[in-house]
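Have the viewer open while you read.

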Amino acid sequence: MARTRFYARLARFVEGRPGLYRWFTTAERMSKESLFGCRMCGQCAMPATGYACPMTCPKQLRNGPCGGVGSDGACEVYPTLRCIWVMADERSTGAGHRRDLDLLQRPVDHREQGRSSWVNYWQGRDEALWTDATTPGPGPLLHRDLGLVPR
Amino acid sequence: MTVEAPGRLRHALQAGRFVVTAELGPPRGADAGAVERKAAQLRGWVDAVNLTDNQGANVRMASIGACVLAQRAGLEPVMQLTCRDRNRIALQSDLLAAGALEIPNVLLLTGDHPHLGDHPEAKPVFDLDGVQATWLARTLRDDGVLMSGQDIAVRPSWLIGSVENPFAPPISLRGRRLAKKVAAGADFVQTQYVFDVRVFRRWLGDLADLGILERCAVIAGVGPIRSLQMLEILRSRVPGVAVPEDVVRRLRGVPADRVAEEGVRLCVETVQELRATAGVAGVHLMAFGFEHGIPEILERAGISPHRSAPAAVGGTPLATSVVSLEGDRHAR
Ligand code: SF4
């Protein structure tokens with residue numbers, strides 16, 4: 001879903017009308033829930049995870065797998081499920097987007113829970129969700145980027 | 001303003017000396033003596049001890065309290081802090097407390113899920129993940145700001161640790177995952193049990209390629225398997241531990257009364273192999289309930305004691321050897 005000026009205006013229009021926003025959010029929830037098991041965190045990380053939803057990880061890890069993944073790729077908490085990060089690795093590698101998993105994902109803003117990530121994305125609010133870990137700029141690494149309020 | 005940083009571990013890593021750390025699990029009970037007894041067994045042999053944070057999601061004395069007890073007993077603590085039971089507010093306040101108590105090392109990790117512990121009905125928190133918590137610690141220390149952007153009056157100066165499991169799938173991602181933690185702020189990493197040195201060396205190779213070894217000290221986790229029962233538990237019930245076939249064969253190949261000795265011998269050999277491996281900064285001993293056996297393992301592996309400052313016993317252990325954080329950051 002490309003971000004264009006058209007979508008930004010559409011998103012603003014939708015957000016300005018509570019009834020429409022509710023309807024739109026429900027549509028997003030229904031499609032993403034059935035396709036990806038989406039939890040409606042409102043800050044979709046799936047474009048960078050090969051469309052494996054990190055919020056379905058029992059620990060809601062946004063930056064890669066925990067150390068407990070079974071040798072067969074099973075989740076340590078629910079061994080009947082596959083670790084979502086094993087899936088993310090396979091899918092993003094398969095799609096030629098392996099480097100996406102190297103992005104540093106910032107903490108989730110829990111106020112966005114239940115809100116539409118599409119509306120947020122189209123308005124450019126997701127731009128700060130992640131940052132590149134591999135090419136630290138000048139100055140002491142990337143740690144400056146964590147603060148939600150820039151200095 | 002920065003609280004001046006003491007720290008054996010920091011100095012040893014800076015000097016390039018092979019370091020030894022060990023796990024010390026706090027007790028189930030308000031039992032200061034339990035921490036002191038284990039500390040006494042390790043004193044003189046280790047550069048620092050990790051006080052675990054409700055290990056395996058089982059309720060134990062808080063890591064921060066056990067850290068203070070370990071300090072009093074003359075050992076340098078590493079305070080473990082998990083994201084399992086704390087949101088970002090609690091993480092930051094515990095980190096500030098660690099700074100004020102002059103705990104010289106903190107180690108941030110995601111933590112085990114409550115399902116695996118003694119209160120499986122508990123609510124998991126996981127507000128941040130281990131990488132983000134590491135990032136948070138680094139920002140707090142180096143920029144002196146909270147996640148809210150507010151300044152803090154006095155900056156802590158601990159060394160920031162992290163963990164990684166080189167043996168869990170997706171194996172090819174494990175080096176890059178540590179790279180993320182290092183970008184986020186990890187100064188050192190302690191690994192899951194190394195039973196398979198070949199796989200471990202491949203992971204080190206990945207780290208070398210990624211330029212990580214110059215920026216983060218790798219401390220390899222080791223521990224003795226002292227019974228066939230423990231072997232089974234490690235193989236089937238502890239997530240993320242990989243015991244290769246040749247180790248299994250060796251332990252099963254000796255008479256029942258010799259398994260414990262064979263396990264210790266294996267551990268000694270692993271320590272020696274790791275010590276001879278370029279890029280390994282030290283070993284981290286995890287010998288739950290067998291802390292008294294750690295000196296023997298180290299001695300047999302050719303690692304001499306007298307690591308903790310004897311002056312620390314009984315006094316304020318951290319008053320000596322002060323170095324500013326600035327110097328360290330440039331060195332690493
Ligand atoms: S095994 Fe994978 S899905 Fe399960 S808790 Fe760990 S990272 Fe999350």
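1. Start with helix H2 (residues 18-36) of chain A, where you'll find Glu28(A). Keep in mind throughout that this is a predicted model. Is Glu28(A) buried or exposed? Its relative accessibility is 0%, and buried means under 20%, so Glu28(A) counts as buried.

2. What does Glu28(A) touch, once its neighbours within four places in sequence are left aside? The contacts are Glu33(A), Met40(A), Ser116(A), Ser117(A) and Trp118(A). Note that another glutamate, Glu33(A), is in that list.

3. Still in chain A, have a look at the ligand. Around it sit Cys57(A), Cys66(A), Cys75(A) and Cys83(A), along with Pro58(A), Pro65(A), Leu61(A), Val69(A), Ile84(A) and Trp85(A). Lys59(A) and Glu76(A) complete the shell. By class, that comes to ten nonpolar residues and two charged ones, with no polar residue in the shell.

4. Over to chain B and strand S1 (residues 19-24), which is mostly covered, with six of its six residues buried. You can check this face by face: Val19(B), Thr21(B) and Glu23(B) are buried on one side, and Val20(B), Ala22(B) and Leu24(B) are buried on the other.

5. S1(B) has strand partners too. Four bridges join it in parallel to strand S8 (residues 282-285) of chain B, and Ala22(B) stands opposite Leu285(B) there. Strand S2 (residues 48-51) of chain B also pairs with S1(B) in the parallel sense, again over four bridges. In that pairing, Glu23(B) stands opposite Asn50(B).

6. How do you get from S1(B) to S2(B)? Follow helix H2 (residues 32-42) of chain B: together with the two strands, this helix makes a right-handed β-α-β unit.

7. Now for the packing. In soluble globular proteins, nonpolar side chains tend to be buried together. Here the largest nonpolar core has 69 residues, and Val49(B), Leu95(B), Phe200(B) and Leu285(B) have the most contacts inside it. Helix H7 (residues 197-209) of chain B supplies the largest share of this core, with six residues. Apart from it lies another core, of 14 residues, including Ile225(B), Leu234(B), Val243(B) and Val248(B).

8. Not counting residues up to four places away in sequence, Leu95(B) touches Leu81(B), Val106(B), Leu108(B), Leu136(B), Ala137(B), Leu140(B) and Trp158(B).

Conventions. Residues are numbered from 1 along each chain as its sequence is written. Chains are lettered from A and ligands numbered from 1 in the order in which they are written. This is a predicted model: local features need pLDDT of at least 70, side-chain atom pairs count only at pLDDT 80 or more; totals for chains, interfaces and linings use all residues. Side-chain values use heavy atoms; hydrogens and water are left out. Buried means under 20% relative accessible area, exposed over 50%, partly exposed in between (1.4 Å probe, protein chains only). Two strands pair if DSSP finds at least two bridges between them. A crossover is right-handed if, with the strands pointing away from the viewer, the path from the first strand over the helix to the second runs clockwise. A residue is near a molecule or strand if one of its heavy atoms lies within 4 Å of it. Ala, Val, Leu, Ile, Met, Phe, Trp, Tyr, Cys and Pro count as nonpolar, Asp, Glu, Lys and Arg as charged, and the others, Gly among them, as polar. A nonpolar core is a set of buried Ala, Val, Leu, Ile, Met, Phe, Trp, Tyr and Cys residues joined through side-chain atoms within 4.5 Å. Contact means heavy atoms within 4.5 Å.
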